Amino acid sequence: MLASLSLGDGNNKGTADGRIALDCSIRKTRQGQYVVSTTDFFFPLVDSPYLQGRIGAANVLSDLYAEGVDRCDFVLMLLAASRDMSKKERTISTNLMVRGFRDACTEAGTIVTGGQTVLNPWPIIGGVATSVVSRNEYVSSDGARPGDVLVLTKPIGTQVAVNVHEWRKLHEKKADSETGNLYWNRILEQQKENENGKEFLTAEEAETMMHTAVRSMSKLNRFGSKLMIRHNAHAGTDVTGFGIIGHAQNLMENQIAEVGCELHTLPCIANTLKINDKIMDFKLREGYSAETSGGLLISMTESDANAYCAELRKVEAAAYNYKYGNSNSIGSISNTDVSKNDTSERDAVDFGPWIVGRVIENTDRKATISENAVYLEV
């Protein structure tokens with residue numbers, strides 16, 4: 001849509017032909033350093049203004065992290081306070097959003113130095129993240145090679161989880177009609193079709209699904225970013241609004257080599273697959289379900305990927321007190337292989353990362369999901 005406007009000057013770094021970059025603008029300064037900058041913002045998808053602010057900051061910083069830049073020098077905050085709220089509500093919610101944003105920036109080791117504030121019907125928060133680095137302090141996004149594997153650092157399914165949470169809230173309030181929310185009623189009706197009488201999805205499971213999504217969205221990708229250079233990453237992006245297959249496609253189109261990729265493993269938040277299959281098709285199995293503040297998708301050799309996954313698991317286990325389940329192999333832990341007819345219980349928790357695909361020679365630069373792809377519930 002914007003191609004005819006001729007944006008950019010062809011001198012962006014980290015892209016195959018100097019085009020406007022995948023995640024960040026990387027420009028060489030007159031002094032010989034590189035300015036890495038990005039901008040993003042976040043609409044209200046969660047109940048807590050504080051968490052909205054935190055997720056907004058994680059979303060902004062993630063683009064830097066996708067370039068292997070784990071240190072952000074400063075952030076400008078973009079804030080929209082809701083004009084449709086009362087003055088008291090607006091003051092409380094805006095204060096909490098800013099606190100959440102600030103706290104995430106503090107955790108990231110950066111600081112908010114300015115920004116812009118407007119009034120808007122919806123409360124929105126985001127920003128501009130900037131880092132000044134030397135050439136060996138970022139990963140160019142165009143170096144994927146045939147034979148590489150793809151590593152994903154967070155599960156997919158956040159869009160599904162957020163929607164299920166909203167359906168349940170609307171149903172309890174009877175906000176749609178006296179009979180409750182249409183989609184939550186579909187969930188309740190699935191129970192009647194189960195021969196064993198087991199509930200299709202309990203309120204507790206829906207709450208756990210949302211909790212997992214919020215925990216994932218609010219987690220910084222900083223640790224994953226910090227290890228990219230150490231483990232010789234060839235290229236990277238993060239998974240957000242275009243879904244995992246959309247961002248994989250964008251990544252392949254940005255490579256110097258004529259490559260495509262095949263995704264063979266999709267780790268999904270527990271219970272999102274059956275919602276996708278039985279209640280509403282979010283295109284989760286096809287990889288197009290939108291994600292918010294999703295994981296890093298990184299191209300590297302298989303040996304480097306195994307070492308990267310092992311170290312990231314160790315680092316995040318210590319930082320977040322993760323208790324991992326039993327593993328089959330480093331970087332490809334399988335809790336439950338869920339086919340369309342298999343909704344068996346998870347036997348362990350897996351927080352990632354996972355080896356989810358491979359880079360192949362492909363003159364068409366296509367990103368695809370293999371026919372026998374494995375879907376994990378995590």
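Analyst: The model is predicted, so local features need pLDDT of at least 70, side-chain atom pairs count only at pLDDT 80 or more, and totals for chains, interfaces and linings use all residues. Residues are numbered from 1 along each chain as its sequence is written, and side-chain values use heavy atoms, with hydrogens and water left out.

User: How do the rings of W167 and Y183 sit?

Analyst: They form a stacked aromatic pair, 4.9 Å centre to centre with 25° between the planes. Rings of Phe, Tyr and Trp (its six-membered ring) pair if their centres lie within 6.5 Å; planes under 30 degrees apart count as stacked, over 60 as edge-to-face and the rest as tilted. W167 is in helix α3 (residues 158-173) and Y183 in helix α4 (residues 182-193), so the pair ties together parts 16 residues apart in sequence. Helices here are DSSP runs (H or I, at least four residues), numbered from the N terminus.

User: How many aromatic pairs are there by that rule?

Analyst: The count comes to eight.

User: Which residues form the aromatic cluster?

Analyst: F223, Y320, Y322 and F351 form one cluster.

Definitions and conventions
Helix = DSSP H or I, 4+ residues; strand = E, 2+ residues; numbered from the N terminus.
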